[in-house]
Amino acid sequence: MGDASTWAAWAAAVTSLATLIVTTVVGGRREQHRWARDALTDAFVAFLEASWAHSDAVRSLPEQAGPELDAPLGLYREMRSQLTRLRLLASEKVLRAGEDLLRCQRNVQDAAPGPAREAALAEASVRRRAVVEAAKKEMGL
């Protein structure tokens, strides 16, 4: 009887250890995926918010821009920073869409007030929607 109970105890201990290992590994992976998804979501939101704010800031610039250009420049830098985060977290397709939008935002900033700026703003809007679509696809939404 002692032999059978010893084997049963060992079997229970091995089973418990295996369960603990599997639970830890699977739980850790789940937590890592959750963190990556949250970080990706945060980067997308920050990137897009900076893009919208940049367009609004440039739209409100007077004809002769001076120190007012500081706000759009700061927002452009924020977009670049968030694009760096996206480089680490997102696919090449998402990155390309983000880079296209960043270039468009620079064109918005550099465009002369009037029709040229309005055309650049319209193009940025199109590129922003492309980033949203790429983000949704990336996140399985």
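This is a predicted model: local features need pLDDT of at least 70, side-chain atom pairs count only at pLDDT 80 or more; totals for chains, interfaces and linings use all residues.
## Helix packing, buried positions and salt bridges

Leaving aside residues up to four places away in sequence, S55 touches Q105, L121, A124 and R128. This residue belongs to helix α1, which runs over residues 2-59, and S55 is buried, with a relative accessible area of 5%.

**Helices α2 and α3**

- Helix α2 (residues 70-89) and helix α3 (residues 92-110) have axes that come within 10 Å of each other and cross at roughly 170°; the two helices are therefore roughly antiparallel to each other, since an angle over 145 degrees is counted in that way.
- On the α2 side the contact is made by P72, L73, Y76, M79, R80, L83 and R87, which meet L95, G98, E99, L101, L102, Q105, R106 and Q109 on the α3 side.
- Sorted by class, this contact of α2 with α3 comprises 8 nonpolar, 3 polar and 4 charged residues.
- The 19 residues of α3, at 1.5 Å a residue, should span 27 Å, and this agrees with the 27 Å that separates the end C-alpha atoms of the helix.
- The buried residues in α3 are V94, L95, A97, G98, E99, L101, L102, C104, Q105, V108 and Q109; Q105 is also one of the residues that S55 touches.

- S55, in helix α1, counts as buried because its relative accessible area of 5% falls under the 20% limit.
- M139 is placed in the segment after α4 (115-138), and at 13% relative accessibility M139 likewise counts as buried.
- Not counting residues up to four places away in sequence, M139 touches R37, L40, T41 and F44.

**Salt bridges**

- The count of salt bridges in the model comes to 6.
- Within helix α1, R59 forms a salt bridge with D56, in which the closest N and O atoms are 3.4 Å apart; the two residues are 3 residues apart, about one turn of the helix.
- An α-helix has 3.6 residues a turn, so residues three or four places apart point the same way.
- D100 also meets R127 in a salt bridge, at 3.5 Å from N to O; because D100 lies in helix α3 and R127 in helix α4, the pair ties together parts that are 27 residues apart in sequence.
- D100 counts as partly exposed at 27% relative accessibility, R103 is partly exposed with a relative accessible area of 48%, and R127 is partly exposed at 30%.
- Together with E123, the residues D100, R103 and R127 are linked in a network of salt bridges.

How values were computed: Residues are numbered from 1 along each chain as its sequence is written. Side-chain values use heavy atoms; hydrogens and water are left out. Axes are lines fitted to C-alpha atoms, for helices over the stretch in contact, and angles run from 0 to 180 degrees between N-to-C directions. Helices (H or I, at least four residues) and strands (E, at least two) are DSSP runs, numbered from the N terminus. Angles under 35 degrees count as roughly parallel, over 145 as roughly antiparallel, 65 to 115 as roughly perpendicular and the rest as oblique. Contact means heavy atoms within 4.5 Å. Ala, Val, Leu, Ile, Met, Phe, Trp, Tyr, Cys and Pro count as nonpolar, Asp, Glu, Lys and Arg as charged, and the others, Gly among them, as polar. Buried means under 20% relative accessible area, exposed over 50%, partly exposed in between (1.4 Å probe, protein chains only). The expected span of a helix is 1.5 Å times one less than its number of residues. A salt bridge is a side-chain nitrogen of Lys or Arg within 4 Å of a carboxyl oxygen of Asp or Glu.
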